[in-house]
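Here are my notes for your first look at this one. Keep the viewer open and follow the points in order.

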Amino acid sequence: MEYGGGAPHPPPPAGITVDAAVIGAGVAGICTAWELARAGRSVALLEAGRIASGVTGHTTAKLSALHGLAYQRVRDTRGARDAALYARSQRDAVDHVAAVCEELGIDCDFERLAAYTYCVSGEQARAVVAEAEAAREAGLLATYVTETGLPFPVAGAVRVEDQAQFHPRKYLLALVEDLERRGGSVFEGARVTGLHEGDPCRLTVGGGPVVRARDVVVATHWPVFDRSLLFTRLKPHRELVVAGPIPAGRDPRGMYLTPEGSTRSVRTAPYGDGGDGEDRRLLIVTGEKFTPGDGGVEERYARLERWTVERFPDVRLTHRWAAQDNEPSDGVPFVGRLRPGARHSWVAAGFNGWGMSSGVMAGRLLAARITREAGDGTGDGSGASGRVQDVLSWADLYDPVRLSPRHEIPSLLGTSASAAAHFVGDRLPHRTGSAEDVPPGGGAVVRDGARHLAVHRDDEGTLHSLSARCTHMGCLVRFNDAERTWECPCHGSRFGVDGEVLQGPAVRPLPRVPEADGPDADGPDAPS
């Protein structure tokens, strides 16, 4: 069966019982399900939409252990030992993908390249030098350089050789095929709306079928079931992407990132000759980081396009899209038990833009922990990329129930305060526009008596009205003019102009106005 391109795989029938159920079929969910199946577990993989088509389907697909300026932060907040574990686990993920590609014969455009974190301003050079030292102390083969393959000068850069890039959907769809060969089940259009922890755990799918599993993994990017209050420790952000072919001779030959100027990320991918015999690469540029709901997205795209064309004048931009990530309060992903005292519920979240390596790492770590808890010890014993005991040594680093008061609480309070400001401010009286002022293709939040409406006018001039309160926790959504979506600035839920959920943590659509029953009857109803 062709996933993500052909007919959707059907949702699960009633009465399924498996060893493990994985909610979410992005990189973390698919890798976890596959690792568990390889260890001999019966697995059900449940995806609300199409597999490998959400956040994972919009990634720029850098597979690297160099994560911007991460090593200084991890060393300063968690200590040198944890920084070394972070480096080892992320480096293992890169090598693990290479090993699995060879093991399964996966053709996914896997390429080994150097990764760079660079700066153009001399004022930032000191931070880049410090990152090179911190990454080297953590165990990466990091060097500080002042020359790169970019077509413009840099003040300095960290370089780590032998990192990788690949086509994530090709890789993950191959894992899904192998998962099914091993007896795993995959279900699309299966939005999980209820989780009852027990022995076994019970999952409710769309208010209908119930799936029973000894262990449940929540791998939904933002946890749709949040029983350790991770929503207070995650900050959502979106980044824009533009892409287009360039002559192969203009390829900067590397993966580049700068935190300057709302971030800029540059890499290329195989493209072919375009039919004229000239070899080309696809230039992919990312940047303009912003909080969902901030608005002005078309202007942000214009800035990113100008930056790209000025530095790569041979590019012909042909594509654009956006991606969303969640930043954890101490910079380290949350991978482990869903809540304190949980025995059979697990979570993977907070990859902060580095979901390819962290998602692979999460699959390795969760599978090792689940199989150990079941008494198997060491999984399948294949030794494809590292020993299970080494994988288990990462558990404390990524433990979701950790808290580093001195360094994490200030970030945690800032994130919570921002969400609280929206939540409270949205309930105070304030002026809003009129639906008559919304232009074709536009959208706005307007008042209708005591309630707020999210109003969009389509290109034909027809108005479409929804409740404007996010169904996660009740914040007012904002309109994204470039993607024509409604976005929640509190926790990053996204909805189509028809109200359907595009991205969690919300699991219910925005109600259409005729379905709302009284002032703000569309308030929050987070899954239990």
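1. A term to start with: a nonpolar core is a set of buried Ala, Val, Leu, Ile, Met, Phe, Trp, Tyr and Cys residues joined through side-chain atoms within 4.5 Å. Buried means under 20% relative accessible area, with exposed over 50% and partly exposed in between (1.4 Å probe, protein chains only). The largest such core here has 77 residues, and Tyr 71, Tyr 171, Leu 175, Val 335 and Tyr 398 have the most contacts inside it. Apart from it lies another core, of 27 residues, including Ile 16 and Phe 334.

2. A word on where this comes from: the model is predicted, local features need pLDDT of at least 70, side-chain atom pairs count only at pLDDT 80 or more, and totals for chains, interfaces and linings use all residues. Residues are numbered from 1 along each chain as its sequence is written, and side-chain values use heavy atoms, leaving out hydrogens and water.

3. Now the overall picture. The chain has 10 helices and 24 strands (DSSP runs numbered from the N terminus: H or I of at least four residues for helices, E of at least two for strands). Of its 528 residues, 56% count as buried.

4. Have a look at Val 335. Leaving aside residues up to four places away in sequence, Val 335 touches Val 347, Ala 348, Phe 351, Met 361, Ala 362, Leu 365, Leu 366, Tyr 398, Asp 399 and Pro 400; a contact means heavy atoms within 4.5 Å.

5. How enclosed is helix α7 (residues 355-373)? Of the 19 residues of α7, 17 are buried, so the helix is largely enclosed by the rest of the structure.

6. On a 1 Å grid over the protein atoms alone, a cavity is a set of points where a 1.4 Å probe fits but cannot get out, while a pocket is an open set with protein on both sides within 12 Å along at least five of seven lines; lining residues have an atom within 4 Å of a point. Searching the whole structure finds 1 cavity of 30 Å³ or more. The largest cavity has a volume of about 50 Å³, the space filled by probe spheres set on points joined across faces, edges and corners. Among its lining residues are Lys 62, Tyr 116 and Trp 354, and β4 (111-119) and β12 (255-258) each supply at least two.

7. Finally, the second largest pocket holds about 420 Å³ of space. It is lined by 24 residues, with His 167, Arg 267, Ala 269, Leu 282 and Ile 284 the closest to its centre.
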